[in-house]
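Let's take a guided walk through this model together.

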Amino acid sequence: MVIENPLPHFAEWFPAAAASWLLVVGVLIVAALVLGCLVSVLRYGPRLGFTVALGTAVSGVVDLVCMSPRRVAALSWLAVKEAIRRRVILVFVLFVVILLFAGWFLDVGSSEPAKLYLSFVLTATTYLVLLLALFLSAFSLPTDVKSRTIQTVVTKPVRPSEIVLGRMLGFTIVGTALLLLMSVVSYFFVTRGVSHTHEVLAENLRPAGPAVDGRQPLSGTTESSQGHRHRLFVDAAGKGVIESEFGHWHEIQVGGTSDKPSFEVGGPEGMFQARVPIYGKLRFRSREGVDIDRGINVGDEWFYRSFIQGGSVAAAIWTFSNIRESQFPDGLPVEMNIEVFRTYKGNIEKGVLGSLSLRNPRTGLIVEVKVFESKDFTPLFIFVPRKITEFSGADVISSKRETPDKGVEFSPPQNLLDRRLAERKEFDLFNDLVADGEVEVWLRCLEPSQYFGAGQPDLWLHAADASFEVNFFKGYFGIWLQMVLVIAFGVTFSTFLSGPVAMLATVGAMIGGFFSDFLTRLSQHAVLGGGPFEAIIRLVRQENLMTELEPGLRTTAAQMADRVAEAGLWVIAHILPPFTEFNYADWVAYGFDITWDPWIVVPALRALAFLVPVFVAGCFFLKTREVAQ
Amino acid sequence: MSPQHAFARKIFYLIGLVLLVAVLSWLGQPTASEGSVEGKEESASGFRLPNLAQLRLRYKLSEAQLGEIDPAGTTIKLATLGLRGVAANILWEKANNYKMKKDWTNLSATLQQITRLEPHFISVWRFQAWNLSYNVSVEFDDYRERYRWVIRGIDFLRDGIRRNEREPMLVWDVGWYITHKIGTADESKQFRRLFKEDDETFQRWEDYRPAADRDNWLVGKDWFWRSEKLVDQGADLRKTTPVLFFSHRPMSQMNYSEAIEKDGIFGEKAKEAWKKAGDEWFEFGARAIPTTEKDRYIHLNDAEQFDKEAADRIAKLEAFEPGLREKIRKERYEKLPAAKRKAYETPPEKRTRDDWEKAQEVAEQLIVTHDQLARQISGPNRPIAIKLAREAAEFEKKAEENRLYRQIVNFEFWRERARYEQTPEAIFAREYAFKGAEALANADLIKAREMYEQCFAKWRQLFDRKDFAQLKNDDSLGQEIVGIIYKYRQVLEKSDQPFPKDFVLNDILELHEKNWRAREGK
Amino acid sequence: MQSSEVVIETRSLSKVYRDFWGRQKVRALKALDLEIRRGEIFGLLGPNGSGKTTTVKLVLGLLFPTSGQALVFGRDATDVKKNERIGYLPEESYLYRFLNAEETLEFYGRLFDMPAPLRRQRIADLIEMVGLGWAKRRQLREYSKGMTRRIGLAQALINDPELIVLDEPTTGLDPIGCREMKDLILRLRDEGKTILMCSHLLADVQDVCDRIGILYQGELQELGRVDSLLKVRDTTEIRATGLSEACQAEIRQVIERHGGQVLSIGNPTTTLEELFLHIIRESEAHPGRRVRGGAGNGH
């Protein structure tokens, strides 16, 4: 699975993140105070203005601190009632209808049907729930203001903060219930949708080797189902194996007599998993034997993976830490996903050969564990046993060589290497290769002039298997976070805007959030075709993105205006929550466990970091507006 | 706002609505002649503006006429609330992004969504099918995966055809992918094998031909044929050159014949294949092919006939006053200034740049056209001569034009090739060459030598045939044979034998070895 | 029963409505000075658009004054704390129509942070009091106008408020309902509560209010005790029974001797209406005349 923006663990992330959050919030508070004073002074004159502004600020803080849980609960309960009254259940009905017709869009013959199905349900749920959250939150308060029911409420000892929080909580409760319902339905939809078996016809199997005790080993393929078939082997003992294809395999039971065997094939296995990965830190060794951050670029537009040259000392090296014997008592299950790049055709019926080695970072001992045939875009599994007795030469001792500014540096120093280590015939994983929980995994390409490419998350240790069901619901947690953010933005906008305008503003925030990556790049001048004004000129004049604009006053003016717009975009891109970060569809679809730390904790805190200021802003907006018109 | 004002406004809106609806319903009313479609509405329309339904019929734009109606696509189109173009654009961006990030599953899913939104945008189908079959497939290292993606691209095109049944270029593309992507890629050997074994695809395509005929060239040929049918029914070729377009079907038969011989199939089957190729090439030559001029067609087979007609008239013309042409030339030559004559007489290798230009001018001045010749004839024959001259020039021009078109598809080369390849000599020669190479690969030098020698003997026989007198000048065949001779040399070298002085194909070596060496860089 | 404690005090309270661009649209209230004391029923009287509701909303903190100040229980009107001692019945009962009577009272009760047992007791009492026991499980959307009014009143009394603000309390009620409402208002006063009501129905105000203020075009035109306002000083009304014809003639003579003139002798008329119309006529004749509503004014 591709992880383009890896998250640091909570412990590493939190201090710096919290500090920068406090800084931003501090700046925002000061800005809000200054702005509030300014507005107040304009309205009430200098002397009274300051008093009013400061009084509002103080009582606002009091509002936040003195919230009564009972009142908040009552207001949430009202929001829930209102949502039910506005027939949110229709959204669920719509969802079910979409699922009923989903067959139109989903191709079970796709090579990764599970991924397609999961992406589909997660996307459909996201859109529906966000839409629901949008409509509920943006229209609720304005409707109350318009129907004046709000007047009956605010003449009770209710604080604006309680109204805002009550709304947010109430809609969140409704959304959560709906999301739970949808997730359960989706789960069954997905598991049912891709479930299938294959028929196996005895007449389509060929003998594979000599018969033992009158029983013939057989090989062949299963019949086709959902656009694919599997290769199958039945040994003389009558034990059948079905090969993995399209990301899954099946169990097979062989019955019947030896000359008239019958076969029973089970449902798909391995389609839905939640592997708990342990990721290492990736560095590369260049052809010159120096350790560097990136490998070679073979001309890809995308810099995610970089490549190592085959038949040289070049290697991709992952350093894993905290590898404990208690966690891997039998050995290390290494899984990887590498890309192959050939500069000449070679033998196209065979994959390019590669090797996997382990290295002890303290002693420098390298043991080549396995030579394998590559296959790209498909995970490869290599199990490194506890006792390594079979290894293919190349057992050497090597230092890590780096060339920082001050010169060449070796770790460990070359004169300290114990060369006798390599002469042994058996190695123990933990005694010989893991040092203080640290071990390096080296990937090499063995064929000259062929290349292997990898990015940091392309090789991992398969630490455990978590429950797919739990992971599935964790995937929905991402949607939940997005929903809560939309509700918060919707309610906050609706505290000072009319319903439709609040909705548009929230949609704007969502779109900005979904494209915050693009906005950031746009603001950094990293997008072809220039900023918004330049783009308008190009659109009108039908010029493509690459041509230089005619120099002149118009171009200069547009580009200068773009500088200003870019600054604005930068701010917008940074104050809107990056919605795409809460999208866990890939994890669920590719079968990776969404680990709590950092993938749940950090995004949840990030969402909270947005929620708090948005909530506070909502309180102040509601406090400073006249609810009667 | 006063109530009267508000009421007036409502009435105003209402009238506006009614007007709009009236215009729309008038424009959109179904034609009276819904059943009888083409050509008839002109008489009915008269001065009337054609309504939408009529226009739709005339330009064949109604969904049912374009292809299969897709309820899902229509639903999605409606769901975008008129922002279909924007949505398709966003999806296109997304598809590009998925492609860049090598997320193939999402790429194909997104492509499907795009085509649901824009089912009649032909370039989308063509561009993205190419993407799948050509660009995505090579990203994979495993040739089986590559093959899968080639087929996926073809399936994508077939989806496009279902929605656009009258679009010849989509059908043609399917033919092209099946023939050329599978048949000429680096992995063509593996691809052709996988294609033959691909029961699922044939089943999905509802193509129930016998397993022996599952050759990609033959399957592709059928698709070319289907696209030709569509063009014959009046579909637009868009920007494709017609002569190229129509050449692909017979070319596929040629390629098929070549391919089976590469696979080691000779004898009657090869002969049949080449014969069929020759026949189809002839049919191709007999087909009326549109030229760049509107409503003017040519037949590639006609060039020889034009030659004959022209020669016939020239002979008649020259018969009036034999030697006249030469006489005129001489007269003209004598009138030239001395400097020019000197330049002209200087042997080409000694000419200066200035001489070259002068000589060129002289050569042009010395050409006596048929018309000039005819006008020198006096007496009663003069009008006949002028007519003959005009006709001769016309036929020469036609023949020249015809040859220009022929060159585009290498017409004469392939015509000749099909002719000689179906002779028993050529088929045996090729079979022996194949066996020779096989033996060489197995290090069976004795057999290899024997096979090669038999091969050369067969070629000799062919070259000696009267009806193939010109064949040894054929550069492509000649070089191919030189290549085989070099392999034969290897065999001899390995068995420590000298190359025979009186080699049976010495004339071929003499003619083509230089070019072959140049090409091979030896 | 009136004490000297001031419950509501406005100090030169003004409100200008502005449009989206900040341009002045309407001067809804002009420098209103008013004091309302504990235990009195104060009526704000005026035609539609005279500024009654604006005053009420300013007092409740639903609107913010353009200048001046409104104090309730000595606190600023925007302070939510004051709401704990206030009950408000809006012009039309602005209630959530998807709730039923019990749910409505439950909801507002919780907003007062009332403990559950007290809340339940109070809800039962109030439903009993407004006589909606038979319809307490029906959604408010099914209620008639009168029923909505009653549940609105119940809602306003849920916290046993010290100050009750009633905006047009009798609109939509039938004569019996009106009478009941007025009786209730008097009873509440008797319980020691302060009541601020505004109305354009003179009869209501005359019947129950201790003091009234008459607003016209945002200005306070008249302020005082109802009885003193209605006392026409140079008119004497004599009502007696058991007088003979001769006695009546004698009285006439006595009056004429003192230089008076007998207008009529008979039943009295409602004169608040006359007063009201008079004030409006006066105000149109002399724009800008305003009454300052300080303590003890109009006695």
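How many bridges join strand 3 of chain A to strand 4 of chain A? There are 3 bridges, and strand 4 covers residues 240–242, with the two strands running antiparallel. Before going on, a word on conventions: this is a predicted model, in which local features need pLDDT of at least 70 and side-chain atom pairs count only at pLDDT 80 or more, while totals for chains, interfaces and linings use all residues. Residues are numbered from 1 along each chain as its sequence is written, chains are lettered from A and ligands numbered from 1 in the order in which they are written, and side-chain values use heavy atoms, leaving out hydrogens and water.

Helices (H or I, at least four residues) and strands (E, at least two) are DSSP runs numbered from the N terminus, and two strands pair if DSSP finds at least two bridges between them. Strands 3 and 4 of chain A form a hairpin with 5 residues between them, and A:Gly238 in the turn has a positive phi of about 85 degrees. Within this pairing, A:Leu232 has A:Ile242 as its bridge partner in strand 4. Strand 3 also pairs with strand 2 (residues 218–221) of chain A, in the antiparallel sense over 4 bridges; here A:Val234 is the bridge partner of A:Leu218. Now look at the two faces of strand 3 (residues 231–234): A:Leu232 and A:Val234 make up the covered one, whereas A:Arg231 and A:Phe233 make up the uncovered one.

Strand 5 (residues 249–256) and strand 6 (residues 261–269) run antiparallel and share 7 bridges, one of which pairs A:Gly256 with A:Pro261.

Next comes a sheet. In general, strands of a sheet pair through backbone hydrogen bonds, either parallel or antiparallel. In chain A, 4 strands form an open sheet in the order 7-24-12-16, with antiparallel pairing. Strand 7 (275–279) and strand 16 (380–385) stand at the edges with a single partner strand each, so one side of each is left without a neighbour in the sheet. From one strand to the next, the twist averages 40 degrees (axes are lines fitted to C-alpha atoms, for helices over the stretch in contact, and angles run from 0 to 180 degrees between N-to-C directions). Strand 7 is joined to strand 24 (residues 459–465) of chain A by 5 bridges, and A:Ile278 stands opposite A:Leu461 in strand 24.

Stepping back, chain A comes to 15 helices and 24 strands, and its C-alpha atoms fill a box of roughly 100 × 70 × 60 Å along the principal axes. Of its 629 residues, 49% count as buried (under 20% relative accessible area; exposed is over 50%, partly exposed in between, with a 1.4 Å probe and protein chains only). A:Leu35, in helix 1 (residues 10–44) of chain A, is exposed, with a relative accessible area of 56%.

Chain C has 9 helices and 10 strands, and 49% of its 299 residues count as buried. Which chains touch? Taking contact as heavy atoms within 4.5 Å, 2 pairs of chains touch, and chains A and C have the most contacts. Chains B and C do not touch, as their nearest C-alpha atoms are 16 Å apart.
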